[in-house]
Amino acid sequence: MQTVFSIAVDALAYGMVLFVISIGLSVTMGLMRVVNLAHGAFAMIGGYIASYAARDLGLGYAVAVLLAVVGTVLIAIPVERFLYRRIYGAPELTQVLMTIGITFCIIGIANFAFGPTLKTIPLPEALRGSVDLGFRSIATHRLFAIVCGLVVAAALWVLIERTAFGIKLRAAVDNAAMAAALGVRTEIIYAVSFAVAIGLAAFGGVVGAELLPVEPYYALRYMVTFLVVVSVGGAGSIPGALMACLLLGAIDTTGRYLAPEYGEFFFYLAVIVIVILFPRGLAGRFK
Amino acid sequence: MAVTMHDPMTADKTRRRTITGSLIGIAAIIIVGVIGYFLFPNNLALLTRIIAIALLVLSIDLVTGYCGVATLGHAALFGAGAYAAGIAAAHYGITDPVLMTLIGALAGALAGLVSGLIILRAHGLPQLVLSIAVIHLFHEAANKASSWTGGSDGLSGIAPDALLGLFEFDLWGRTAYVYGLFLLVVVVILLQVLVRSPFGMLARGVREDPLRISAMGASVKSVLIRMYVISGVVAGIGGALNAISTQVVGLDSLSFTLSAEALVMLVLGGTGSLYGALVGTVTFLWFEDVVSAANPFHWLTMVGALLIAVVLFAPKGLYGTAAHLLGRIGGERR
């Protein structure tokens, strides 16, 4: 019972962190049809900035999170402007080459600037300890990650389903050319959603630093996981991504607890089964 | 590509010109190989590794460049060849290098069949993800079956016999290099024939327009599976060569990183041409070797910058862009 409970909590926390990081990737991939392998690199940059702010400068956790999000978006804007613009609509292979190149560059620079060691982000007093639920106690940080994931999901749902921007965004995802013809400024939609996506990635990178530790090869190690989540969920779909994150988080965490010697064998076996059963993703929008 | 062959004279001429082109290409490979042998006598291990990886990149080119299947999991075929050759030598005492190569090719073909059957069930992004899942599955399986594969310690104890009973595998790797060059030339000649054959044309048709090919009555799926098996043979030979020359097989030969790097080499050189694959491999590995020796901190940054530069300035890959430029100069002269 104890094991089942800790698996459930860890799986939920892990799934939520995955969701916060990869939802931006899912939306931009549905919108701009770019296979973006550098998304994890931006989450890593967020983690580095937060670690630098909180550990080396001694700023508070909230300030560090804010700095990480703003800083990563500021770094991402010129990258989008000068590099990503060139590969919209390019063949898949070109996009893979370009974004792997960007990832390599970011890893190399991070390795040079911060060194190859693990970076921790000191948690504030309020998030350390554990919370007593009466019958069980769970780590506060896990709870915090879960709450963050739920808040992000709810906020995105409101943004996309209930605002004028959301309507334009959905129109552009469904048919960019038609939306542009109807007067939607698609390039602004692209820029805003790219910025939001990067900001969320950085946020997830900071919040999830306890589960996905920040180090230079972060970008390569989890790149695949994020891509898998998007593909399993179906690019451009929030409920799909949420389902995929919870499902894959559960499978991965259960595998780690019960059969650690198999590594990620069951995770990838499950991915193959799911992709073959739902070739368009769980939510079935991706073509 | 669309060569209309109305009268037999032109057909004959084009045919003769392509054959001359292939002969020049193969002569170039041999000349570069011989120059490498005499220029870098202390670095033959690196050159042999370049040849082994070149076979992997050629094999990716067969499915990606000629059939349009994007895959980030092709090292599965290479690693299957390497492990099969290694296990045959270490556990069953089959130490004849030619036999080991054949076993590697067979295992590569089998791995190609299996991963082809899985990967070809989807298209686009899901296909890419399936290929990633396949390579991780192979990797974890090899890690788990440590009594066979040595797990994360690697498989050692591979001691190949003298080649044809005459040439010992020496410390400088001369025999391994010459054997590798020989294998590469044979494979390139056979692949030249393959891509020009009706089957090669059919594969290119599948890349251009699968719907039309199936409307013509050919089975797209069977073409792709057959190409996957052939590409498995090529990658398996590369893996076996790697096992023979280094006498050890590590888990890195079944890694996602190797798959991704090999795909990068292919796109760097230019997809859809055998020479593009070779040029890309040599450029990437040579660049990696030079830069990582010069500055171990920055080599990944430099490789990344190289990739970005290629996308921006040579979108068809190095060989594709060079061929395009040469073609333009030649066209002006005529």
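**Exercises on a predicted two-chain model**

Going from the N terminus, the elements of chain B read α-α-α-α-α-α-α-α-α-α-α-α-α-α. Keep in mind that this is a predicted model.

**Exercise 1. Work out how many helices and strands chain B has, and check its radius of gyration against the globule rule.**

Step 1: count the elements. Chain B has 14 helices and zero strands.

Step 2: get the reference value. For 334 residues the globule rule gives 20 Å.

Step 3: compare. The radius of gyration of chain B is 20 Å, close to that value, so chain B is as compact as a globular protein of that length.

Step 4: The C-alpha trace of chain B spans about 60 × 45 × 45 Å along its principal axes, and 48% of the 334 residues count as buried. Take the contacts in chain B between residues at least 6 apart in sequence: 76% of them join residues at least 24 apart.

**Exercise 2. Now do the same for chain A: which pattern does it follow, and what radius of gyration does it have?**

Step 1: read along the sequence. The pattern is α-α-α-α-β-β-α-α-α-α-α-α-α, with 11 helices and two strands.

Step 2: check the radius. A compact globule of 287 residues would come out near 19 Å, and chain A has 19 Å, so the two agree.

Step 3: Chain A's C-alpha trace covers about 60 × 45 × 35 Å along its principal axes. Of its 287 residues, 51% count as buried. For contacts in chain A between residues at least 6 apart in sequence, 75% link residues at least 24 apart.

**Exercise 3. Classify Val63(A): buried, partly exposed or exposed?**

Step 1: locate Val63(A). It sits in helix 3 (residues 61-82) of chain A.

Step 2: count neighbours. There are 13 other C-beta atoms within 10 Å, so Val63(A) is partly exposed.

Step 3: Val63(A) and Ile160(A) are 97 residues apart along the chain, and their C-alpha atoms are separated by 27 Å.

Terms used:
Residues numbered from 1 in each chain as written. Chains lettered and ligands numbered in written order. Predicted model: local features only at pLDDT ≥ 70, side-chain atom pairs only at ≥ 80, totals over all residues. Helix = DSSP H or I, 4+ residues; strand = E, 2+ residues; numbered from the N terminus. Buried ≥ 20, exposed ≤ 12 C-beta atoms within 10 Å, placed from the backbone. Rg over C-alpha atoms; globule rule 2.2 N^0.38 Å. Contact = placed C-beta atoms within 7 Å.
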